[in-house]
Amino acid sequence: QLVVSMWKAQPMLLRWRGFRAASSWSRFTAPPMVYISGEEMTRYAMELIMEKWVKPSVDISKWEFYDLSCKERDATNDQVLKDAVAAGARIGSIFKEPTITPTKEQMASMGLTKALGSPNGLMRRGWNGITISRDTIHIPGIELGFRRPVLFERHAVGGEYGAGWKKVGKGRVLTTFFPESMDEGQPIIVDGREVKDDRSCVVVYDNPLDNVEDLAHIFFQRCLEAKVVPYVVTKKTVFKWQEGFWQIMKEVFDADYKGDFLKAGLLEKTHGELQHLISDAATMQIIRWTDGGFGMACHNYDGDMLTDEVAQVHRSPGFITSNLIGKREDGALIKEFEASHGTVADLWNAHLRGEETSMNPLGMVVALLGAMDHSAAL
C-alpha cells in the first residue's frame with residue numbers, strides 16, 4: 001500500500017530523464033542497468049515489486065541481472081560477483097538488493113564450501129568508489145524524525161575497513177613506507193613502538209586523499225541543490241592525520257562554492273564560512289537538529305556510525321538512502337543504489353514460519369527509481 005501511495009502522490013519520484021509521468025501511462029523500454037539480487041525478505045519483497053509494479057509498466061529487457069545470493073556466489077567461486085562488478089563499471093548504473101556476508105553458522109546451514117567476504121569492498125574498488133551518499137527520505141503528509149532533508153557523504157575508501165591486522169605478543173612493531181620507486185627517495189619509518197602485553201592486536205591502515213576533491217564537488221553540489229547547510233566532520237583534534245581531509249574540503253569550497261552558498265543564504269548559521277564539526281559534536285547535533293536542512297561530509301568510519309544515528313532519529317533505516325558514487329576513466333559517474341538496511345532476517349524467518357509480516361520497502365523502491373534515473377541520464 002505504501003508503494004502504491006508513493007507512486008500516486010510523488011511525481012518527484014517519476015522525474016526519470018526522458019520519461020515524464022503522463023496522465024495516461026504507457027509502457028516504455030528502460031535503458032541498460034545492472035540489477036543485483038540478494039537474500040531473504042528484501043529479495044522476496046523486490047520480487048513482488050518487480051512482478052506486480054515494474055514489469056507491467058516497464059520493458060526491462062536491456063537490464064543485466066546478477067544473483068549475489070550466498071549459494072550462487074559459492075557455486076561460481078565468486079565469479080558472479082566479479083561479473084557484476086565488471087558490468088557495473090561498463091554500464092554505470094546499478095541497483096543492488098541487500099546481501100549477506102555469512103557467519104560460520106550461516107555457512108553450515110546453507111551448505112557453503114568456503115567463507116565469503118562482503119561484496120562491498122570489491123564493488124568500491126571496481127567502481128573507483130568516491131563516496132557513499134546517505135540521505136533521509138521524506139513522505140508528504142507523514143512526520144518522521146527530520147522535517148527537512150539531511151544529506152551525508154561518507155568517504156568510500158580508507159580507514160578501518162581496509163585495515164591489515166595481526167594478533168601478537170610482546171615485542172616491537174616497525175611500520176615502514178617504501179616509495180613506489182626507490183629513485184624517489186629512501187624508506188620512511190612511519191611508526192615504531194614496543195608492544196608490552198602478552199595479547200595485543202596490531203592494526204595498520206591508510207587514508208587515501210586523492211579523490212577527496214571529487215567527494216567535495218559531489219557534496220557541495222548536492223547541498224546547493226537541496227538547499228541545506230554543509231558541514232565537514234572529523235576528529236582532527238586528536239587524529240591529526242584527518243587534517244588533510246578538512247583542508248581539501250575547505251579549499252574546494254572556498255574556490256568554487258562559497259559565493260553560491262552565500263547568495264543562497266545557506267551560511268547564515270555558520271557566520272558565512274564552511275564550518276568544521278568535531279565528530280563528538282556532530283553526534284550530539286544530529287539528535288538536536290531535528291528540523292533537518294543540513295549536510296555532513298566525513299571519513300569512512302564516522303560516516304558509517306553517524307548515518308546509523310540519522311536513521312534512528314528518522315525512525316528507521318528504511319527511510320534512508322545509500323548510494324555509492326564512483327568514477328569511470330572517461331569521467332562519467334558510476335552510481336550504485338541500494339537501501340541502507342539489511343535483508344531483514346527476522347521477518348524472513350517469520351515468513352517461512354507462515355506468519356503474517358509487514359515490511360517497509362520504501363528504501364529499495366527509491367533506490368530502484370534512482371538507478372533507473374541515472375541509467376537514463378547516462
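Me: Rings of Phe, Tyr and Trp (its six-membered ring) pair if their centres lie within 6.5 Å. How many aromatic pairs does the count come to here?

Reply: By that rule there are 15 aromatic pairs. Keep in mind that this is a predicted model, where local features need pLDDT of at least 70, side-chain atom pairs count only at pLDDT 80 or more, and totals for chains, interfaces and linings use all residues. Residues are numbered from 1 along each chain as its sequence is written, and side-chain values use heavy atoms, leaving out hydrogens and water.

Me: Okay, why is the pair of Tyr231 and Trp289 called tilted?

Reply: Planes under 30 degrees apart count as stacked, over 60 as edge-to-face and the rest as tilted. The planes of Tyr231 and Trp289 stand at 35°, with ring centres 5.1 Å apart, so this pair is tilted. The pair also ties together distant parts of the chain: Tyr231 is in strand β12 and Trp289 in the loop between α10 (279-288) and β14, 58 residues apart. Ring pairs also link Phe219, Phe220, Phe253, Tyr257 and Phe261 into a cluster.

Me: Is Tyr231 buried or exposed, and what makes you say that?

Reply: Buried means under 20% relative accessible area, exposed over 50%, partly exposed in between (1.4 Å probe, protein chains only). Tyr231 has 5%, so it counts as buried.

Me: What makes strand β8 lie largely in the open?

Reply: Of the 5 residues of β8 (residues 164-168), the number buried is 0, so β8 lies largely in the open. β8 does have a partner, though: β8 and strand β11 (residues 200-204) pair in the antiparallel sense over 5 bridges. At least two bridges found by DSSP are needed for two strands to pair.

Me: Which strands stand at the edges of the open sheet, and why are they edges?

Reply: The open sheet has 10 strands in the order β4-β2-β5-β16-β15-β6-β7-β14-β12-β13, with mixed pairing. β4 (63-67) and β13 (275-278) each have a single partner strand, so one side of each is left without a neighbour in the sheet. Further in, β2 (residues 33-37) and β5 (residues 93-96) run parallel and are joined by 3 bridges, with Ile36 opposite Lys96 in β5.

Me: How do you know that α2 is close to its expected span?

Reply: The expected span is 1.5 Å times one less than the number of residues. Helix α2 (residues 40-57) has 18 residues and reaches 25 Å from first C-alpha to last, close to the expected 26 Å. Still, α2 bends by about 40° at Met50; a bend is the angle between axes fitted to the seven residues ending there and the seven starting there. Met50 is also one of the buried residues of α2, and Trp53 is another.

Me: What makes the phi of Asp78 and Arg315 worth a look?

Reply: Most residues other than glycine have a negative phi. Asp78, not a glycine, has a positive phi of about 70°, and Arg315, also a residue other than glycine, has a positive phi near 90°. Asp78 sits in the loop between α3 (70-75) and α4, while Arg315 lies in the loop between α11 and β15.

Me: Which of the two is buried and which is exposed?

Reply: Asp78 has 17% relative accessibility, so it counts as buried. Arg315 has 55%, so Arg315 counts as exposed.

How values were computed
Helices (H or I, at least four residues) and strands (E, at least two) are DSSP runs, numbered from the N terminus.
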